[in-house]
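Student: Please take me through this model by question and answer.

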Amino acid sequence: MTVRELAERCRGAAGMLRVADTEQKNRALERYAALLEENEERILTENQIDIEAARAEGMTDALIDRLLLNPKRIAGMAGSVRKVASYTDPVGGADGAVRHPNGMLISKRRVPLGVVGVIYENRPNVTADVASLCVKSGNAALLRGGRGALKSNAILSELAREALESVGLPADCICLIADTDRSSAVEMMGLAGLLDALVPRGGKGLIKTVVENAKVPVIETGWGNCHVYVDDEADLAMAERILVNAKCSRPSVCNAAETLLVARSVADEFLPKAAKALAPYDVRLHCCEESLAILGSGPNNIPAAEADWETEYNDYDLAVRVVGGLYEATAHITRYGSGHSEAIVTKNYFTAKRFADRVDAAAVYVNVSTRFTDGEEFGLGAELGVSTQKLHVRGPMGLAALTSTQYVVEGEGQVRE
């Protein structure tokens with residue numbers, strides 16, 4: 001089946017999902033969560049095929065971690081689906097009302113976007129997240145995952161379709177494009193009139209391609225060049241813990257730290273401590289001239305190139321720069337940051353406030369790891385992605401982000417003079 005044919009089937013199914021009541025949608029999600037748990041062995045078998053193929057092609061361990069499913073992650077997916085089911089349905093929610101002088105009641109309510117297309121890389125959990133969010137918000141979803149996760153995505157979408165049918169909703173509310181050739185993504189970008197929104201989830205290259213070429217409205221999710229700035233009034237022990245977590249807990253994700261900025265007055269003390277704390281993870285430090293002079297050259301301490309300041313490594317690499325203070329740090333972030341997540345470690349309230357005011361990002365952290373920029377952590381249950389644009393939605397995208405507004409005007413025969 002062609003991409004257009006799948007999109008047409010998705011569009012046809014969207015009308016029934018649009019008018020489905022909350023109870024029916026919740027039953028579909030509860031069934032989906034149960035199917036994920038009941039089919040754990042099948043899911044792991046299909047995922048293992050993807051993992052073996054990825055290793056054979058030389059995929060890095062960090063990227064394989066994005067692809068990997070295990071019992072804990074499958075249980076997490078099921079839990080996220082149930083959380084989405086438990087949340088308030090945004091569809092039909094009142095968004096305000098006014099009474100016109102002639103007696104008309106003008107009200108605004110939340111309605112589904114319609115058909116949401118998602119192009120994503122080798123992250124099979126995205127399939128479950130998008131399916132659950134779209135079903136609850138009344139949207140059909142056309143999914144196009146990466147080639148490396150095809151087997152995993154296929155079974156996860158198959159189970160979502162089964163759950164929909166079990167409650168009388170069309171299976172085609174969730175459609176997966178099996179063709180992972182670049183041409184299928186290009187075709188999706190041109191489906192104006194069939195897709196109401198297109199969301200790219202992945203690296204900088206994918207997002208840039210979709211934004212520049214799509215004829216469908218795009219919700220731009222962010223690649224993450226995230227920074228941790230250690231201020232001259234930082235608690236250095238705290239800064240060390242935050243840095244290790246932000247960089248090493250899961251380096252392949254978009255909210256992982258990619259650059260460390262350190263105030264010059266604490267660099268001599270903090271950088272050796274940071275390097276020692278990162279050493280067990282074999283983190284490669286791409287150092288500015290000043291930080292390299294402090295740390296010394298070595299297998300994991302190498303000179304930084306200009307490109308390092310704007311690189312999303314998705315691996316155990318970290319750019320390191322010594323800066324004069326807050327304003328030099330925020331100037332660096334303004335120039336090289338991706339607008340995703342930025343952190344400052346400081347004991348000075350006013351410095352923290354100035355950092356938040358000057359940094360233009362979807363999420364700003366004060367004495368907290370950047371790793372919390374996530375729909376689950378923000379109480380959304382799951383997320384469609386982290387939007388770094390400023391129109392419609394910004395930050396982790398939950399249920400409300402998948403709706404638009406509709407005006408309903410009620411009267412008693414009023415006509416305009």
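Student: At about what angle to E6 does helix H9 run?
Tutor: Helix H9 spans residues 204-213 and lies across E3 and E6 in this predicted model. Helices (H or I, at least four residues) and strands (E, at least two) are DSSP runs, numbered from the N terminus. For the angle, axes are lines fitted to C-alpha atoms, for helices over the stretch in contact, and angles run from 0 to 180 degrees between N-to-C directions. On that scale, H9 runs relative to E6 at about 160°.

Student: What is the order of the four strands in the open sheet?
Tutor: The model being predicted, local features need pLDDT of at least 70 and side-chain atom pairs count only at pLDDT 80 or more, while totals for chains, interfaces and linings use all residues. Residues are numbered from 1 along each chain as its sequence is written, and side-chain values use heavy atoms, with hydrogens and water left out. Two strands pair if DSSP finds at least two bridges between them. The pairing in this open sheet is parallel, and its four strands have the order E5-E4-E3-E6.

Student: Which are the edge strands?
Tutor: An edge strand here pairs on one side only. This holds for the strands at 174-176 and 197-201, namely E5 and E6.

Student: By how many degrees are neighbouring strands of this sheet turned against each other?
Tutor: The value is an average in which direction is ignored.

Student: Which residue in E6 stands opposite Ile119?
Tutor: Strand E3 (residues 115-120) and E6 run parallel and are joined by five bridges. Within E6, the residue opposite Ile119 is Pro200.

Student: How many charged residues does the lining of the largest pocket have?
Tutor: Ala, Val, Leu, Ile, Met, Phe, Trp, Tyr, Cys and Pro count as nonpolar, Asp, Glu, Lys and Arg as charged, and the others, Gly among them, as polar. The lining has nine nonpolar and eight polar residues, and the number of charged residues is 13.

Student: Which elements each supply at least two residues of the lining of the second largest pocket?
Tutor: This pocket has a volume of about 210 Å³. Its 14 lining residues include Glu121, Arg144, Arg182, Ala185 and Leu206, which lie nearest its centre. The elements in question are E3, helix H8 (182-189) and H9.

Student: How many nonpolar residues belong to the lining of the second largest cavity?
Tutor: The second largest cavity has a volume of about 50 Å³. Helix H2 (22-38), helix H6 (125-136) and H7 each supply at least two of its lining residues; Leu29, Val135 and Ile174 are among the residues of this lining. No polar and no charged residue takes part, and the nonpolar count is nine.

Student: Why does Val98 count as exposed?
Tutor: Val98 is found in strand E1 (residues 94-99), and none of the six residues of E1 is buried, so this strand lies largely in the open. Buried means under 20% relative accessible area, exposed over 50%, and partly exposed in between (1.4 Å probe, protein chains only). Val98 counts as exposed because its relative accessibility is 51%.

Student: What is the bridge partner of Ala97 in E2?
Tutor: Four bridges join E1 to strand E2 (residues 105-112), and the two run antiparallel. Their hairpin has five residues between the strands, and there Gly103 takes a positive phi near 100°. The partner of Ala97 is Ser107.

Methods
Contact means heavy atoms within 4.5 Å. On a 1 Å grid over the protein atoms alone, a cavity is a set of points where a 1.4 Å probe fits but cannot get out, and a pocket is an open set with protein on both sides within 12 Å along at least five of seven lines; lining residues have an atom within 4 Å of a point. Grid points are joined across faces, edges and corners, and a volume is the space filled by probe spheres set on the points.
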